[in-house]
Amino acid sequence: PAADSLIVGLTNNFRHTLFFNRSQLLFGGDYTYRRTDNRNLLSFGVERQLKEEQELNLRYRFQKDLIFRVGAAAGERRNASGNFARRNYTIQAYRNRYALSYQPGEALVLTGSYQVRSEESEAEQNNLLVSHDATLEFQLNRSDRLALRSEVSYVFNGFSGPQNTPAAFSMLQALQPGDNLQAQLTFQRTFLENVVVSLTYRGRFSGGVPAVHTGQVEVKAFL
């Protein structure tokens, strides 16, 4: 605590990944360990966010144009505030993801995925989340000139506990309990071989609250 009083900002990231058959087309996998430690001086004191996660991913190409992926992860997130006990919490998180990709060539990829996520918080008031996420993704790449990516997700959050707490906000990830729909569309085009223009749209639709629409335009020039 005495040392933390001298901190303005501190970020410590550690990531280690072990690959198996990384360049093999038929079967492969990877294991990743991540640890992130962030400390920031805010108006009410120093706040620390610590995240640790272990993740295992496997892939198997059972046909020329079909790839099956499965992944599992377990981790813990902790938040510690020097002056507000309400902002102190620990979240135990687990998730499993299954995805099937159809890739008839180098330009087109269609992916359907399903993810289930379970999280439980320990704080002044405990929360429990079981989230189901079904996603359909479309990607089109035309050489170095054109790239198009669209994604639509249906998310059902089974949530119990108070919603207006910092732990609940971290668990719900800006979504609401119950039915949620997310959409994203990204278009990227290259002009004159060194100018890249990207357009991105994101939409979030949840029952009982107004829809959220955001857009982004980005221009990059390479000299």
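**Talking through a predicted fold**

Reader: Where does Ala174 sit in this model?
Author: This is a predicted model, and in it Ala174 belongs to the loop that runs between helix 1 and strand 9.

Reader: And what is its phi like?
Author: Phi of Ala174 is near 70°, which is a positive value in a residue other than glycine.

Reader: Is Ala174 buried, exposed or partly exposed, and why?
Author: Ala174 has a relative accessible area of 34%, and because buried means under 20% and exposed means over 50%, Ala174 counts as partly exposed.

Reader: What about Gln173, where is that one?
Author: Gln173 lies in the loop between helix 1, residues 166–172, and strand 9, residues 178–191. Gln173 is not a glycine either, yet its phi is positive, at about 55°, and with 48% relative accessibility Gln173 counts as partly exposed.

Reader: Changing topic, which residues make up the largest nonpolar core?
Author: The largest nonpolar core has eight residues in all, namely Tyr89, Ile91, Leu129, Phe159, Ala167, Ala168, Met171 and Leu172. Strand 5 and helix 1 each supply at least two residues of this core, and helix 1 gives the most, with four residues.

Reader: What does Ala168 touch?
Author: Leaving out residues up to four places away in sequence, Ala168 touches Asn127, Phe159, Pro162 and Gln163. Of these, Phe159 is also listed with Ala168 in the largest nonpolar core.

Reader: What about the surface, which residues make the nonpolar patch there?
Author: The nonpolar surface patch, of about 980 Å², is made by Phe20, Leu26, Phe27, Leu56, Leu58, Tyr60, Phe62, Phe68, Tyr98, Leu100 and Tyr114.

Reader: Which strands supply at least two of its residues?
Author: Strand 3, residues 45–63, and strand 5, residues 89–102, each supply at least two residues of the nonpolar patch, and the largest share, four residues, comes from strand 3.

Reader: Pick one of them, say Phe62: how accessible is it?
Author: Phe62 is found in strand 3, and it counts as partly exposed because its relative accessibility is 39%, between the 20% and 50% limits.

Key:
Residues numbered from 1 in each chain as written. Predicted model: local features only at pLDDT ≥ 70, side-chain atom pairs only at ≥ 80, totals over all residues. Heavy atoms only, no water. Patch = residues over 30% accessible without salt bridge, like charges linked within 9 Å, V, L, I, M, F, W, Y side chains within 5 Å. Areas by Shrake-Rupley, 256 points an atom, 1.4 Å probe, with all protein chains shown as cover. Salt bridge = Lys/Arg side-chain N within 4 Å of Asp/Glu carboxyl O. Buried < 20%, exposed > 50% of the residue type's maximum accessible area, 1.4 Å probe, protein only. Core = buried A, V, L, I, M, F, W, Y, C linked by side-chain atoms within 4.5 Å. Contact = heavy atoms within 4.5 Å.
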